[in-house]
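Try each task before reading its solution.

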Amino acid sequence: MDDLMARGEQVYNTNCVACHQANGEGLAPVFPALKGGVITTGDIAAHIDIVLNGKAGTAMAAWGGQLNDLETAAVITYERNAWGNNTGDVVQPADIKAARK
């Protein structure tokens, strides 16, 4: 968990922070908050899907082509456990690999 959180924070700060902000509170209404968000505290499969494939009709881009399985697992683990989300969820690269199929 510690390694994924550290790597996830790096990935987040490189790719996600401009829209969702360093505090995870986003920029409503275009970039929703990840802090206490439905996606980041709800169903893990839905969280993986939106990071990999984006969300049509919104500004959420698909990151599946830019991030590898480890980076994707790390950033999702980070988002699910940062800013007080504290879900305790750990997403593994194997989970991302399976979701890509």
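**Exercise 1.** How many disulfides does a search of the whole structure find?

*Solution.* Keep in mind that this is a predicted model. Start with what to look for: a disulfide is a covalent bond between the sulfur atoms of two cysteines. Next, take C16, whose closest cysteine sulfur is in C19, at 8.3 Å. A disulfide needs the two sulfur atoms within 2.5 Å, so the sulfur atoms of C16 and C19 are too far apart for a bond. The search of the whole structure therefore ends at zero disulfides.

**Exercise 2.** Find the salt bridge partner of K35, and work out where in the chain the two residues sit.

*Solution.* Side chains of opposite charge can pair when their charged atoms come close. Here the partner is E25, with an N to O distance of 3.4 Å. Both K35 and E25 lie in the loop between α2 and α3, ten residues apart. Now check accessibility: K35 is partly exposed at 39%, and E25 is partly exposed at 42%.

**Exercise 3.** Which residue forms a salt bridge with D69, and which helices hold the two?

*Solution.* D69 pairs with R100, and their closest N and O atoms are 2.5 Å apart. D69 belongs to helix α5 and R100 to helix α6 (residues 93-100), so this pair ties together parts 31 residues apart in sequence. D69 is partly exposed, with 22% relative accessibility, and R100 is partly exposed too, with 36%. To complete the count, the structure has four salt bridges, one of them between R80 and D89, at 2.9 Å between the closest N and O atoms. R80 is buried, at 1% relative accessibility.

**Exercise 4.** Is T77 buried or exposed, and what does T77 contact beyond its neighbours in sequence?

*Solution.* First place T77 in helix α5 (residues 69-81). Its relative accessibility is 0%, so T77 counts as buried. Then leave aside neighbours within four places in sequence: T77 is in contact with M1, L4, M5, D89, V90 and V91.

**Exercise 5.** Describe the largest pocket by volume and lining.

*Solution.* The volume is about 470 Å³. Of 25 lining residues, H20, P32, L34, I50 and M60 are the closest to the centre. Helices α2 (17-20), α3 (38-41), α4 (44-53) and α5 each supply at least two lining residues. Sorted by class, the lining has 17 nonpolar, six polar and two charged residues.

Note on methods
Residues numbered from 1 in each chain as written. Predicted model: local features only at pLDDT ≥ 70, side-chain atom pairs only at ≥ 80, totals over all residues. Heavy atoms only, no water. Helix = DSSP H or I, 4+ residues; strand = E, 2+ residues; numbered from the N terminus. Buried < 20%, exposed > 50% of the residue type's maximum accessible area, 1.4 Å probe, protein only. Contact = heavy atoms within 4.5 Å. 1 Å grid on protein atoms, 1.4 Å probe; cavity = no way out; pocket = protein on both sides within 12 Å on 5 of 7 lines; lining within 4 Å. Points joined across faces, edges and corners; volume = space filled by probe spheres on them. Nonpolar A, V, L, I, M, F, W, Y, C, P; charged D, E, K, R; others polar. Salt bridge = Lys/Arg side-chain N within 4 Å of Asp/Glu carboxyl O.
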